[in-house]
Amino acid sequence: MAKGDKKAKGKSKDTSGKKAKDKSKKKAAKETKAEEAEVAAKPKPLVSPLAPDRFPDLPVIDGVRFATAQAGVRYKDRTDVMLAEIAPGSTLAGVFTRSATRSAAVLDCQDKLEMLGDTPKGGFAIVVNSGNANTFTGQRGASDVAVIAQAAASALKVPVGHVFTSSTGVIGEPLPAEKITDALPGLVQGLSPDAAEDAARAIMTTDTFPKGAMAEVEIGGVAVKVMGFAKGSGMIAPDMATMLGYIFTDAAVTQDGLQAILSAATKRSFNAITVDSDTSTSDTVLLAATGKAGNVPLSSGRSAEGKILATAIEEVMKDLALQIVRDGEGATKLVEVRVTGAKTARDADKVARSIANSPLVKTAVAGEDPNWGRIVMAVGKSGAVADRDLLSIRFGDILVAENGWVAESYREEDGASYMTGQELLISVDLGLGRGEATVWTCDLTNRYIEINADYRS
């Protein structure tokens, strides 16, 4: 009997343990389902409907390596610092915002570029952070740039005058430089020649996708590669924008030649886009040429071989610029504004920018309304010479207006149908001369207001 009692007690104990285990499993399963439901309920990041299908396969540029880190400058659980190491023997060029309130990093980069000779000795480094623009931060801003540059120079053993920094994000808040310098040892250890996509992601702010582009050409029988990446989504206007761009090539180019190529290409790429007409304080585009391809060094973009490289660089920059417009905050349509027949090229540019920056034109495009009267308005306010009875307006191939009135062949339903497309062309011919210009922009939607109303929260 006692023996039986012992068995009964043992059996009872085993059953109790099994029940507890089952209960624990059910609880864990319930918690897992609750967590999954919470994740599913969170709003998914909105990606621009104009985004490319995928990030391109960027070629490795001999002499360039990248690394990224989660430094916590502003964002949590995402990379926000990028380091690029550029080999000795390279040349470097840059273009920057002309804002009167440009950032400490921009001012530092401009000073350093002026000090570079035509054949710089030593390698280069580029350090970029997102989340904080280090702008309007007084002497503290300049000191933070110096601290970061010195730390990067020591870590990579390059001249401090060859360390270029960029910062993008909120204006008017001190940059936590120590978070960036603390991340540098790990960044140096993680340098890799094929981490360009990671670098493109680390510099994003309100961007909904990373932006990359590449080109391959032959110069004097030598294969040459060009690749680059950029960030930008809002505060975008010609004279640069709130954008950062980094272009790399293995071509051999002199310092002066590289600067001339970059400056010319910028006019027809990054300075020919606008999202909201606001010019930033932080715009920076740097172009590095490592010379590792082995071509005879180019001294300009005017020779036959120089034109090949200049065209490739401009193609990469234009691709990146259009990706920025495609990622315009809240954008649903890419719009090319093409102006011809102006009295001068300057007048053509005035008209193109007036149309591209008009909130009335951009909201009409967002609403798919073929309101060509708003284009007439934008032409008239531009300050360019114009004659009502000579100008003509087209939506794509559709003639909308001519001879000071709506075209006889135009039908409103044709215009409305055309405006439903994602990529639109608005053409204006002023009928006065040979001046022409092209500017790219996007529509203006409610989403733009939402993004910028909540930007700092």
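**Exercise 1.** Leaving aside its neighbours within four places in sequence, with which residues is Asp80 in contact? Determine also the setting of this residue in the predicted model.

*Solution.* 
Step 1. Locate the residue: Asp80 belongs to the loop that lies between strand 1 (64-69) and strand 2 (81-86).
Step 2. List the contacts, with neighbours within four places in sequence set aside: Ala69, Gln70, Ala71, Gly72, Val73, Arg74, Tyr75, Val128, Asn129, Ser130 and Ala202.
Step 3. Examine the charge. Asp80 is buried and has no salt bridge. The nearest side chain of opposite charge is that of Arg78, 6.5 Å away, whereas a salt bridge requires a distance within 4 Å.
Step 4. Identify backbone partners. The side chain of Asp80 reaches the backbone nitrogen of Gly72 at 3.0 Å, and a polar atom of that side chain lies 2.7 Å from the backbone nitrogen of Val73.

**Exercise 2.** Describe the chain as a whole.

*Solution.* 
Step 1. Count the elements: there are 12 helices and 15 strands.
Step 2. Consider burial: of the 457 residues, 50% are buried.
Step 3. Consider contacts: among those between residues at least 6 apart in sequence, 81% join residues at least 24 apart.

Methods: Residues numbered from 1 in each chain as written. Predicted model: local features only at pLDDT ≥ 70, side-chain atom pairs only at ≥ 80, totals over all residues. Heavy atoms only, no water. Helix = DSSP H or I, 4+ residues; strand = E, 2+ residues; numbered from the N terminus. Buried < 20%, exposed > 50% of the residue type's maximum accessible area, 1.4 Å probe, protein only. Contact = heavy atoms within 4.5 Å. Lys, Arg positive; Asp, Glu negative; His and termini not counted. Polar contact = N/O pair within 3.5 Å; in protein donor to acceptor, adjacent residues only side chain to side chain.
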